[in-house]
Amino acid sequence: MINFRKLPIIIVLLTFAACPVIGQGNIHQQSKEYEWPTDSLVKKKLEAWRDLKFGVIIHWGLYAVPGIIESWGLCSEPWINRDSTMTYDGFKTWYWGMKDKFNPRQFNPDQWATAAKAAGMRYLVFTTKHHDGFCMFDTHQTDFKITAGPFADHPKANVAKEVFDAFRKQNFMIGAYFSKPDWHTEYYWWPRYATPDRNNNYDIRTNPWRWNKFKSYTKAQIGELMTDYNKIDILWLDGGWVRPLETVNDEVRAWGAAIPAWSQDIDMPAIATMAREKQPGLLIVDRTVHGPYENYQTPEQSIPANRQETPWESCITLGGAWGFVPNDQYKSAATVVHNLIEVVAKGGSLLLGVGPRPDGTIGDSEVQRLKEIGDWLKVNGEGIYGTRSVEHFRDGDTFFTRGKDGTMYALICFKTPPASPTTISWKGHQPKKGTKLKVISTGRSLSWTKTTDGVSLTLPAVKDPNGYYPAAVLSFKE
């Protein structure tokens, strides 16, 4: 019996701040190239996704049991330092053995979906399989899955199906996260050799049969997700080092990870064709692999410095880690709202990371934080949902978006509770002469004064039951 209070320590040399650190290779930076889709159904789905603005990504798997950073402890790279009292093989045995202990009897996907809905989120990305290869769906390709362990007799054992169904009931767009690398299958990490890094550990050029088996294994699992789980809107593929060798560029090299001399090509054209035959209009997010299968870009734990014309989302954690970690420190609702405003004003969407506990529930602290975010969006969402960015997207702490009907929105961020009343000014975006500004949360109309290069106005008290709104949203015709 393992005492989970005395688990192997994994020291992860990683900064979970807003900006990625070059060389800390599990953070995917934003691609610098983009190819617009040509399929009319994909283009239509992409525009619908761009209207949603706020989603949740849920990491949940074996790593939740000890509360460690996803699968990365299995990877022997310099930025990870495991407990020196345990051998690497011992660690692997311990980690793989978690499959016999992962028994989340309180699993409650309706609680997850209700909390996400209350937060104002509108799309889901759920980890069906992380890099460790443990499947949170009932795949027929391996027994290393949630439906083959102690949870198998539970009526909701097919976790991915239950999660997708719960979020569909709340009208979410549904995304399946899937790791292209799989460190558990012998077709990726062959037990014949050591596993020094994240890459496959044998020369594909001299072992084509084994790699072809991996390609078939990967395609079959994605096919299951596209066939057996009703409507899927997004296939969110992680593990950007699994890619054709010719696509490796400076962005990939900046991760600091080793790059093999062979191509880890899994034939994305064949996978995409199969997936879209089963799910017409499917968005495919082959992260950092430029081309027709990266339908939107995914800067990780960061917000781009400037406005982006192409579709993108910032994936940022609510706490310090993607999955559950005991005593994690969560961002304030104000911080998340400010991030959301900045992301949307720059033309993107925010995908917020939440990690359920090993018992299958989301903790009270996260639920409360999500509710606080949703409280703001309930009365201010008009300036967020369905909007698009404008060229002059920011002046100081005021950001701007435009609705599809041409309405302009000024989203004024407060770092501390504002004085009541308080004077606000910004440059550019002057309202039409004779019109008034409207406070979205109250419907109150405000007078304004034209300045040399902008606007000045007096803003009344901006409060809510939690104390104060982290931002005020004003609408006007320009």
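A: Let's start with a pair of residues: Gly 55 has Tyr 123, in β4, as its bridge partner. Strands here are DSSP runs of E with at least two residues, helices are runs of H or I with at least four, and both are numbered from the N terminus. Bear in mind that this is a predicted model, where local features need pLDDT of at least 70 and side-chain atom pairs count only at pLDDT 80 or more, while totals for chains, interfaces and linings use all residues. Numbering runs from 1 along each chain as its sequence is written, and side-chain values use heavy atoms, with hydrogens and water left out.

Back to the strand. β2 and β4 are parallel partners over four bridges; two strands pair if DSSP finds at least two bridges between them. β4 is also joined to β5 (residues 173–179), again in parallel, by six bridges. To get from β4 to β5 the chain passes through α4, making a right-handed β-α-β crossover: with the strands pointing away from the viewer, the path from the first strand over the helix to the second runs clockwise.

How enclosed is β4? Seven of its seven residues are buried, so the rest of the structure largely encloses it. Buried means under 20% relative accessible area, exposed over 50%, and partly exposed in between, with a 1.4 Å probe and protein chains only.

Helix α3 (residues 109–118) is part of that packing. Its buried residues are Pro 109, Trp 112, Ala 113, Ala 115 and Ala 116. Down the axis of α3, they fall within an arc of 165°, so they line one face of the helix; the arc is taken from the directions from the helix axis to the C-beta atoms. Those residues pack against β4 (123–129), and also against β2 (54–58), α4 (159–169) and α9 (364–380), with contact meaning heavy atoms within 4.5 Å. After α3 comes Gly 120, with a positive phi near 85°.

Now the core. Leu 124 and Phe 126 are among the residues that touch the most other members of the largest nonpolar core, which has 108 residues; Trp 60, Phe 167 and Trp 376 are listed with them. A nonpolar core is a set of buried Ala, Val, Leu, Ile, Met, Phe, Trp, Tyr and Cys residues joined through side-chain atoms within 4.5 Å. Helix α8 (residues 333–345) gives the most to this core, with seven residues.
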